[in-house]
Structure formats: structure tokens, C-alpha cells
Amino acid sequence: MTAELAGPGAATAPPWLTSVFERDDVAALPVPPTATCALHGRTTSAAVARDFTDKTLRGWGLPHLVPDAQVVVSELVTNALRHAPGDGAPPIRLQLVNDRFHLGCGVSDASERVPAVSSWSDLSESGRGLHLVDALSAAWGWMLTRGGGKVVWALLDAHG
Ligand SMILES: Nc1ncnc2c1ncn2[C@@H]1O[C@H](COP(=O)(O)OP(=O)(O)OP(=O)(O)O)[C@@H](O)[C@H]1O
Ligand SMILES: [Mg+2]
């Protein structure tokens, strides 16, 4: 299943992905294979996320997705660290979801402030991360979660 792409960040997450992010839902669909990594260390989290992504995707037989997925999770984790207030909040969490046709990447944080795609040019010093995510993914977006906070997610085509 492919999420509708209605512009940067405007996509709605497909049900198999929301069923993972809202795992406590009594009516949840069966969830596809999922790997979860809690990220605590502020300076090392993006590197930990890249390493976790590498190991997980190789274990799932998806080594061809490693380079793009590492860029995507790195940008999403860095954004969660930089833009989502975290004092006393639950740790940032990376989830990788293997739906056979797509790899889902989700990064949860405790803030309900949502991503805002900015206009960006070669001379800009920031505002580049979500453009990279948009370029590398089939769809991406965010959803507020019932427990508070949100998940920013991206789907990569499993066939590369
Ligand atoms: N997890 C998030 N929580 C809250 N706001 C976010 C989050 N991710 C992105 N944003 C908002 O969206 C904007 C655009 O994000 P983007 O990653 O494109 O640029 P940046 O992080 O500002 O700069 P760069 O990624 O180039 O270092 C951010 O400046 C921030 O305001
Ligand atoms: Mg960024």
C-alpha cells in the first residue's frame, strides 16, 4: 500500500504504520515486523540510529536500503533532538517497520509542534533536512499520538 502523496509532509500514514505507532489500540491491525530503538544520548543519538538501521536492515535482507534509510533516520532524529523540547520527556524513539513493499521509518518525540517545510536554496544554512527526507522517500508525514507527542515518519520503497 502506498500513502497518498499530497505535497511535502502532507501524506497520511498508511494503516499498517499507524497500527505500529498506536500499538495500544485495542482494534489494532496485526503489526508487521518492527524494530525499536530508544535514543537517550543527545550527542550520539543520530549515530546510534544509523548503526541500528544498518544492522536491522541487513538482518531483514534489505541491505540496498541502508544508505537512504540512514540519511532519513539521521535527519529525523536530529530534528527530534533540535526542535522537540525534551526536558523530562520520554526518550526519542526510532521504529523501523518492514511491510515487504515499503520500509517505514518513524521517529517519536514528546513535542506536539509539527515539522514545517521551509523554502531552501543552496545558500541556506538550515531547512535542508526535510527536503532530503522528501527526496528519498515515497511519502512522509507526521501524526500526533494519543499519549502526547508525535511521530514523524517516512516510507522508503523496499525495492529501492
Ligand atoms: N521533530 C520536530 N519537532 C518540531 N519541529 C520540527 C521537527 N522536525 C522539524 N521541525 C520543524 O521543521 C523545520 C524544518 O526542518 P528541517 O529538518 O527541514 O530543517 P532544520 O532542521 O531547521 O535544518 P537542517 O535540517 O538543514 O539542519 C525545523 O526548523 C523545525 O521548525
Ligand atoms: Mg533538520
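Modeller: Two residues are in contact if their C-beta atoms, placed from the backbone, lie within 7 Å. The model is a predicted one.

Biologist: What share of the contacts with a separation of 6 or more comes from residues 24 or more positions apart?

Modeller: The protein contains four helices and five strands, in the sequence pattern α-β-α-α-β-β-α-β-β. Among contacts with a separation of 6 or more, the share from residues 24 or more positions apart is 64%.

Biologist: How far apart are the end C-alpha atoms of helix 3?

Modeller: Helix 3 covers residues 66–83, which is 18 residues. At 1.5 Å a residue, helix 3 should therefore span 26 Å, and the model agrees, with its end C-alpha atoms separated by 25 Å.

Biologist: Which residues have the most contacts inside the largest nonpolar core?

Modeller: In soluble globular proteins, nonpolar side chains tend to be buried together. Here the largest nonpolar core has 36 residues. The buried residues of helix 3, including Val73, Leu76 and Val77, pack against elements among which are strand 3 (102–109) and strand 5 (150–157). Those with the most contacts inside the core are Val73, Leu76, Val77, Cys105, Val107 and Trp153.

Biologist: Which element gives the most residues to the shell around ligand 1?

Modeller: Ligand 1 is surrounded by 18 residues, with Asn79, Ser126, Arg128, Gly129 and Leu130 the closest. By class, the shell comprises six nonpolar, seven polar and five charged residues. Helix 3 and helix 4 each supply at least two residues. The element giving the most, with five residues, is helix 3.

Notes. Residues are numbered from 1 along each chain as its sequence is written. Chains are lettered from A and ligands numbered from 1 in the order in which they are written. This is a predicted model: local features need pLDDT of at least 70, side-chain atom pairs count only at pLDDT 80 or more; totals for chains, interfaces and linings use all residues. The expected span of a helix is 1.5 Å times one less than its number of residues. A residue is buried if 20 or more other C-beta atoms lie within 10 Å of its own, exposed if 12 or fewer, and partly exposed in between; C-beta atoms are placed from the backbone. A nonpolar core is a set of buried Ala, Val, Leu, Ile, Met, Phe, Trp, Tyr and Cys residues joined through C-beta atoms within 7 Å. A residue is near a molecule or strand if its C-beta atom, placed from the backbone, lies within 6 Å of it. Ala, Val, Leu, Ile, Met, Phe, Trp, Tyr, Cys and Pro count as nonpolar, Asp, Glu, Lys and Arg as charged, and the others, Gly among them, as polar.
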